[in-house]
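Here is a short report for a reader meeting this structure for the first time. Please keep the sequence and the model in view while reading.

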Amino acid sequence: MRTVQLSHGGGGQEMNKLISDLFFHHFQNEILLKAEDAAVLQLEGPIAFTSDSFTVSPLFFAGGDIGKLAIAGTVNDLAMVGAQPQYLSCSFIIEEGFEYHKLEAIVKSMKAELEKSGAQIVCGDTKVVPRGAADGVFINTTGVGTVKYPNISVSQLQAGDAILVSRDIGCHGSCILMARDELRLESELVSDCATLWPVVERLIESGVSLHAMRDATRGGLSAVLNEWCEGSKIQIDVEEEKIPIADAVQGLCELYGFEPYDLANEGTMILAVPAKDVPAALDVLRLFSPNAEQIGTVVEAQQHKVIMHNPWGGRRYLELPQGELLPRIC
């Protein structure tokens, strides 16, 4: 069985072979293959720039793996500010003894996910650390994109805006929990891990006014809505029965005592758009998921809170999650 050795990070023949046979082979493009110390890029107009690191456990889960997650996560951060993803850097920290076939599967997954947005990996780095100094593999990706729709911001929500969700929530956090604890539940639930740029691109082309967008990763729906309330100094009223939640996610939350609104997502976005644009926005979103829904409304108020309304007329605050709900989910 082939495994990654310390020599694969030593800068010599073994490292050069790993880079050329694996990373260059699958990520090949004109810029990357120049093998310079820095990539020289051609960019025009306003630029969006983001970086993220991925340490998910387990590395492989229903609906994805750490490689797919690393690409989708960084591409989605660019898409949420209306930027078309163009260039990514990618750095690997690999534990000595990590199986080569697993590393190759991760790289192939990254290549497949890149094709969904058209972005390219144009530079990177490889480090190998001794056994026990890391947990298999960690990945850092940094992304650059050209802004196609300016002024999407946490501070741009306005009274009367509608709050939309692109699909059912909590699938990624639930899948990681089931994979980690090896639960034997009768469910075909998979992570929502996915690249969101095709959805955002279609929204832009449709002419919908986009005031705010956010991919609801750590902290889930609760974190996004609370950040928006503070950022725009508004109140958000949410209809609990409108929030799409899969039965498997709801059941898992009841089993563990979690709130589905707090669970992480990796391919689900929350949007704030003017009320007049709701039909057009939902038409686009439902091309990608039939579960897209309007879940709330922005209102003017002195308290900058998220108010959850239940079907029986009750109300409660939807607070920011507290503590570490589920570590190493992305």
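## Helix 2 against helix 3

Helix 2 and helix 3 cross in a right-handed sense. A crossing is right-handed if the near helix is turned clockwise from the far one by less than a right angle, and left-handed if anticlockwise. Helices here are DSSP runs (H or I, at least four residues), strands are E runs of at least two, and both are numbered from the N terminus. This is a predicted model, in which local features need pLDDT of at least 70, side-chain atom pairs count only at pLDDT 80 or more, and totals for chains, interfaces and linings use all residues. Residues are numbered from 1 along each chain as its sequence is written, and side-chain values use heavy atoms, with hydrogens and water left out.

Helix 2 covers residues 66-79. Its axis and that of helix 3 are 7 Å apart, at an angle of about 30 degrees. That angle makes helix 2 roughly parallel to helix 3. Axes are lines fitted to C-alpha atoms, for helices over the stretch in contact, and angles run from 0 to 180 degrees between N-to-C directions. Under 35 degrees counts as roughly parallel, over 145 as roughly antiparallel, 65 to 115 as roughly perpendicular, and the rest as oblique. From helix 2, Ile 66, Gly 67, Lys 68, Ile 71 and Ala 72 take part; from helix 3, Ile 106, Ser 109, Met 110, Glu 113 and Leu 114. Contact means heavy atoms within 4.5 Å. The residues of this contact of helix 2 with helix 3 are six nonpolar, two polar and two charged. Nonpolar covers Ala, Val, Leu, Ile, Met, Phe, Trp, Tyr, Cys and Pro; charged covers Asp, Glu, Lys and Arg; the others, Gly among them, are polar.

## Helix 1 against helix 3

Helix 1 (residues 13-27) also packs with helix 3 (residues 100-114). The angle is about 25 degrees, and the axes are 9 Å apart. Helix 1 is therefore roughly parallel to helix 3. Their crossing is right-handed.

Helix 1 brings Leu 18, Leu 22, Phe 23, His 26 and Phe 27 to the contact. Helix 3 brings Tyr 100, Leu 103, Glu 104, Val 107, Lys 108, Met 110, Lys 111 and Leu 114. By class, the contact of helix 1 with helix 3 has nine nonpolar, one polar and three charged residues.

## Helix 5 against helix 8

Helix 5 (residues 197-206) and helix 8 (residues 278-288) cross at roughly 155 degrees, and their axes come within 10 Å. That makes helix 5 roughly antiparallel to helix 8. The crossing of helix 5 and helix 8 is right-handed.

Pro 198, Val 199, Arg 202, Leu 203 and Ser 206 of helix 5 touch Ala 281, Val 284, Leu 285, Leu 287 and Phe 288 of helix 8. The contact of helix 5 with helix 8 has eight nonpolar, one polar and one charged residues.

Thr 268 sits in the loop between helix 7 (247-256) and strand 10 (269-273). Thr 268 has a relative accessible area of 0%, so it is buried. Buried means under 20% relative accessible area, exposed over 50%, and partly exposed in between (1.4 Å probe, protein chains only). The side chains of Thr 268 and Asp 192 form a polar contact of 2.6 Å. A polar contact is a pair of N or O atoms within 3.5 Å; within protein, one must be able to donate a hydrogen and the other to accept it, and residues adjacent in sequence count only if both atoms are side-chain atoms.

Gln 235 is in strand 9 (residues 235-239). Gln 235 counts as buried at 10% relative accessibility. Its side chain joins that of Asp 237 in a polar contact of 2.8 Å. Leu 318 lies in the segment after strand 13 (315-317). Leu 318 is buried, with a relative accessible area of 3%. Leu 318 and Ser 222 are 96 residues apart in sequence, yet 6.4 Å apart in space, C-alpha to C-alpha.

## Backbone exceptions

Most residues other than glycine have a negative phi, and most peptide bonds are trans. The bond from Ser 57 to Pro 58 is cis, with omega near 5 degrees. Pro 58 lies in the loop between strand 1 (47-54) and strand 2 (60-61).

Ala 35 has a positive phi of about 55 degrees. Ala 35 is in the loop between helix 1 and strand 1. Phi of Asn 151 is also positive, near 70 degrees. Asn 151 is exposed, with a relative accessible area of 62%.
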